[in-house]
Each structure stands twice: as C-alpha cells, then as structure tokens.
Amino acid sequence: MEIRSSKGQVMMRSGVVSGRCTHLPGLHGLLLGLCLLLVTAFMPALAGDDDRLQAARMALEQQDPLQALRHLPLESHRLSTTLALQSLAIRAQAEAALGRHLDAITTWNRAHALAEDAASQAWARQQLMHWLQGLDTAELRALRSRASSPDTVNRLDEALRSRGIEPPSAVRVALVPTRPVAPSSTGSLPGTVTGAGTSISQRTGMAGSGSPPRRIAVILPLTGRYGSVARGILQGIEAAHEDAGVASSVVLRVHDMGEDAGDVLRHYEEAVREGADLVIGPLSREAVDRLAARPGALPVPVLALNHGEGRRQYPAHFFRFGLNPEDEAVEAAQRAFAQGHRRAVVMVPRTDLGERLQVAFRARFEALGGEVRSVQTFPHQATDFGDVIRAGVMEDGQGRGRRDVDMVFISGEPRHARLIVPQLRFHQAGDLPVFATSHVFSGRMDPGVDRDMEGVLVADMPWLLGQTGPRAGLETSLDASLQRWPRMGAFGYDAYRLGMRLGTLQQGGGERLHGLTGTLTVDDQGRVHRTPEWARFVDGSPRVISGWRQ
C-alpha cells in the first residue's frame with residue numbers, strides 16, 4: 001500500500017515499512033505498530049500544502065478550529081493565489097468559531113484583496129456578509145464599537161445598514177485601492193528625497209499626515225538554522241499586516257535570504273529595484289553589520305531586527321529593534337535600585353549568555369550606586385544549587401543568611417528558577433527578593449509547574465503576561481511547529497507596527513508605541529528602546545504589577 005499526497009506523490013510505502021518489520025516473526029505486530037506510529041508522527045512534516053489544507057478542513061468539520069489553524073500551511077506567502085484563498089477561507093471560519101470575530105472579518109477582507117478576478121472577489125465578500133448576517137444586532141454593534149480598521153468598519157456598517165440601522169459614524173471610511181509602486185527609471189523611488197539630511201518621513205511619505213509606507217520588503221532567513229525563529233517573526237508580521245486593515249493598500253513582499261549573511265545586500269538591492277519604501281530585517285547580527293556597511297546612503301530605510309556586533313555608527317535611516325537579553329538585565333538593575341535595594345547577589349548559568357547578563361546587570365546597578373557583593377555561576381545541567389546559594393547568600397559557617405545582601409538577581413531556564421527559589425527558602429534565604437529576566441518564564445501560564453517560583457519578579461512582554469493587546473489571539477494563530485517561539489510572533493507583530501509609525505516615532509515629543517513586547521520609543525540615533533512589564537509570581541502565575549512606573 002502506498003500513502004500519497006493529494007498531488008499523487010508517494011509519501012510512504014507500507015510494503016517497505018512492513019518488509020522491514022516482518023522479518024522478525026516474534027515482533028511482527030509490535031514493530032508494525034511502531035512503524036505506523038512513526039508514519040503518523042511524520043505525516044505533518046511530509047505533507048504538502050494541499051494535504052495541510054485538507055487536514056485543516058477535516059479539523060473544522062470535527063469542530064476543532066484550533067487544530068484547523070495549526071494545520072494551515074506554514075508559509076502562506078509562497079502559496080498560489082488559489083491555495084492562498086482556500087487557506088484564508090479556512091482561517092476565517094476557524095477564527096469565527098473561536099469567537100475571534102474581528103480577526104475573521106480581517107481575514108475575509110484579506111481574501112477579497114488577494115482575489116485576482118471579479119468572481120473570486122464577489123465570493124469572498126458574499127462569504128463574509130453571509131456570516132455577518134448570522135450574528136445578532138447586539139454583537140454587530142459591539143464589534144463596530146471595537147473596530148479600528150477602515151475595511152472592517154465598512155463591512156460592519158454595511159451589515160448594520162442591511163438591517164435598517166444607521167452606523168454610529170456619519171462618515172463612511174473609503175477603501176483604498178491597490179496601487180503598485182514601481183521604481184523610476186533613475187533608480188530612485190517616487191517621492192523619495194535622496195539628498196543628505198532628509199528624514200525618514202521624507203523618504204517614506206510619512207511626514208505630517210502620518211501616511212504609512214506603501215510597499216514593505218521583509219528580509220529574513222526563513223530556511224537554515226534560524227528558520228524556525230524567522231518563520232515565527234514572519235507570522236507575527238503577517239498578523240499585524242492583516243490586523244492593520246491595510247492589506248488592500250500595502251504590498252508585503254517577503255525575501256528568504258537563507259543562512260548566508262552576505263546575501264542580505266543582494267536582497268536589499270532587489271527590494272529597492274522592486275519599489276520598496278521600507279525594509280524590515282535582517283535578523284542576525286552579522287547580516288545587520290553587512291547591511292550597515294553598505295557603501296553610500298541608504299536609498300530605502302531599514303528596520304533591522306537586531307543590533308550589530310559592537311558597531312557604534314550606523315547610516316542614516318538605519319533603525320534597530322531587538323529583543324536583547326542585556327536590556328532586561330539593565331531593566332532589572334533599575335527596578336531593584338528604584339525599590340531601595342543596594343546590595344545584590346547574582347546567580348546565572350555558566351554560559352556566554354549568563355556572562356553577558358551578569359555583566360550588564362552589574363554595570364548598571366553599580367552605576368546607579370548599588371554594589372554587587374557576589375557573582376555565582378552554575379553549570380547549565382545543574383539541579384542542586386546548594387553550593388551556589390551557600391557561597392552567595394549564606395554567612396560563612398553560620399548557617400544563616402548574609403546581612404550585607406538585600407536582593408538576588410537570577411537568570412537561566414525555567415527549570416533553573418523552579419529549583420533555585422525553593423532552595424533559597426531551604427537555606428533560610430527565602431525572604432530575599434528575587435529579580436529575574438524573562439528567560440525564567442516559559443511564556444505559557446502553567447501554575448502547577450511554576451508554583452515553586454512564588455514571589456519572583458520577572459520582566460517580560462505585556463502580551464505574555466496577560467495584558468490586553470491588539471492581538472490577544474496571536475498565539476493560537478501561530479502554526480503548531482512555531483508555538484515554541486511565542487515571543488518571536490509578538491516581536492514580528494511589533495516590528496510591522498513600528499515600521500508603519502517610524503515617521504512619527506522618530507520625531508520625538510514623547511511619541512511611543514504600546515506594543516505586545518513592551519512600550520517602544522525611538523531615539524535620534526535610530527535605536528528602538530523597549531520597556532517591558534514587570535510581574536510577580538503569585539500562586540504559580542505571573543501577575544502584572546500595576547502602576548509600578550509611578
């Protein structure tokens with residue numbers, strides 16, 4: 001028997017499987033069962049786009065919308081228009097079934113914008129309007145009050161008017177037609193200013209009116225060792241693009257640059273030729289350095305998703321946004337000092353990252369006037385932290401906590417924190433406040449597992465700490481294979497939103513973006529600064545500390 005994809009490709013021959021299983025007579029049944037389990041386990045990885053779509057349809061029929069979303073193809077931008085429309089239709093139905101009605105409207109609008117012929121456009125519109133007619137009037141009014149996207153507002157207004165109800169706003173928001181932008185014959189983009197001293201707003205058309213860029217190029221290593229992380233970021237970018245309601249007016253072009261950092265220059269020049277007026281990416285530090293070293297002025301602004309390796313100078317209009325671990329260590333030092341702590345003990349893994357974090361924490365804490373009394377490191381595989389704790393917070397030979405220490409700063413994996421905190425209590429040091437970076441939190445609420453981290457103060461993304469955000473359902477829309485990178489989805493989401501607002505954010509005046517990753521500001525050197533939220537573990541879950549900034 002052969003297992004084939006919907007395209008007729010042979011994915012597995014059970015004859016080969018059983019032939020290898022049955023040559024051991026006594027183990028025939030057991031091994032055959034194991035072989036079939038392996039086939040089932042690897043089917044998602046082997047399946048083509050058609051098969052993933054079929055699996056998603058079956059999940060919907062079985063009333064499992066979350067599983068349907070997880071089955072959808074990983075890289076929707078690579079699908080043909082026909083398959084992309086099918087994928088969007090399934091996504092919209094799953095989102096509706098999950099109660100994410102605004103997401104569903106956005107997805108149907110995206111399908112309408114993607115359709116290449118009048119019949120497909122009419123189909124997408126009819127599907128959306130038919131579904132909206134099935135909602136009660138109170139629900140339509142509630143959705144209308146929360147909607148901010150022009151496309152979404154117009155559809156909801158249309159549904160209300162069909163019931164003889166005038167929408168709350170007297171002015172309808174006009175849909176913006178697609179208007180592709182092409183490079184001029186001289187290589188400059190229409191409306192750009194190539195002289196020295198121009199601002200980002202002059203280059204991207206975002207001055208004054210706050211108009212967003214019309215063509216965005218995304219340059220990421222979607223294949224290779226960074227592929228999983230990059231695909232998580234891309235899904236966040238695509239989610240923000242959909243939520244912005246500008247799918248009909250902003251063209252999003254994705255470039256897979258692979259592992260070779262040197263290829264970033266080729267993809268950047270290609271983006272310029274295609275008429276991009278903003279580039280998001282690259283991701284690796286080496287690729288950021290390569291692009292920053294490009295000779296001459298940048299013809300198109302860049303929002304890099306990392307910082308260079310020790311680079312101090314960047315070209316004009318080269319913005320950098322990253323989730324730097326050192327920034328969280330600095331934030332922990334500032335938070336601890338603001339709370340009156342002056343004498344710290346540091347406990348971090350004996351790794352390059354651990355060293356970077358303790359250096360960053362110590363530098364900031366001591367610059368503020370505090371003192372780091374001891375730095376203790378532990379092996380990555382450690383489970384017993386008794387020696388580390390005794391050396392860091394216990395008085396020599398006294399069996400009691402040191403009186404010259406008033407806080408502990410830790411980092412490491414969640415399993416490290418789950419062991420360190422109870423062992424601190426065991427060694428009579430449980431009254432010391434513990435500050436930590438986001439590394440100690442898995443990103444998923446799991447009170448049963450995290451109950452041993454009681455009292456720990458952690459800096460992390462508002463989105464993962466349960467704060468209300470513009471994309472509360474982002475994690476459920478990430479493909480199953482990417483859900484171990486939830487922070488990357490939020491990172492991509494905020495990167496897109498930053499790109500759309502660089503013109504106003506660069507102008508200063510207190511402008512900031514309250515994103516999924518934190519509160520974001522842009523300085524006059526193009527660096528994006530992120531301020532995370534702080535939470536305290538209570539009954540196994542991190543609870544945001546309200547008003548801590550005041």
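Predicted model: local features only at pLDDT ≥ 70, side-chain atom pairs only at ≥ 80, totals over all residues.
**Entry 1: strand β12**

I began with strand β12, which covers residues 457-460. Which way do its side chains point? Leu 457 and Ala 459 point one way, and Val 458 and Asp 460 point the other way. Then I checked burial. Leu 457, Val 458, Ala 459 and Asp 460 are all buried.

**Entry 2: the neighbours of β12**

Next I looked up the partners of β12. Strand β11, residues 434-436, runs parallel to β12, and two bridges join them. Strand β16, residues 533-538, pairs with β12 in the antiparallel sense. I found four bridges between β12 and β16.

What stands opposite Leu 457? In β11, I found Phe 435 opposite Leu 457. In β16, the bridge partner of Leu 457 is Arg 536.

**Entry 3: helix α5**

I moved to helix α5, residues 81-97.

Then I looked at how enclosed α5 is. Twelve of its 17 residues are buried, so the rest of the structure largely encloses α5. Among the buried residues are Leu 83, Leu 85, Leu 88 and Ile 90. Arg 91 and Glu 95 are also buried. I noted a general rule here: an α-helix has 3.6 residues a turn, so residues three or four places apart point the same way.

After α5 comes Gly 99. Its phi is positive, near 85 degrees.

**Entry 4: aromatic rings**

I looked up the aromatic pairs, and the structure holds nine. I took the rings of Phe 378 and Phe 385, whose centres are 4.9 Å apart. Is this pair stacked or edge-to-face? The planes lie at 85 degrees, and an angle over 60 counts as edge-to-face, so the pair is edge-to-face. Phe 378 has 1% relative accessibility, so I count Phe 378 as buried. Phe 385 also has 1%, so Phe 385 is buried.

I also found one aromatic cluster made of Phe 337, Phe 361, Phe 365 and Phe 409.

**Entry 5: charges over rings**

Last, I checked arginines over rings. The charged end of Arg 342 sits over the ring of Phe 337, 3.6 Å from the ring centre. Arg 320 lies over the face of Tyr 314, at 3.9 Å from the ring centre.

Key:
Residues numbered from 1 in each chain as written. Heavy atoms only, no water. Buried < 20%, exposed > 50% of the residue type's maximum accessible area, 1.4 Å probe, protein only. Pairing = 2+ DSSP bridges. Expected span 1.5 Å × (residues − 1). Phe/Tyr/Trp six-rings, centres within 6.5 Å; stacked < 30°, edge-to-face > 60°. Lys NZ or Arg CZ within 6 Å of the ring centre and 35° of its normal.
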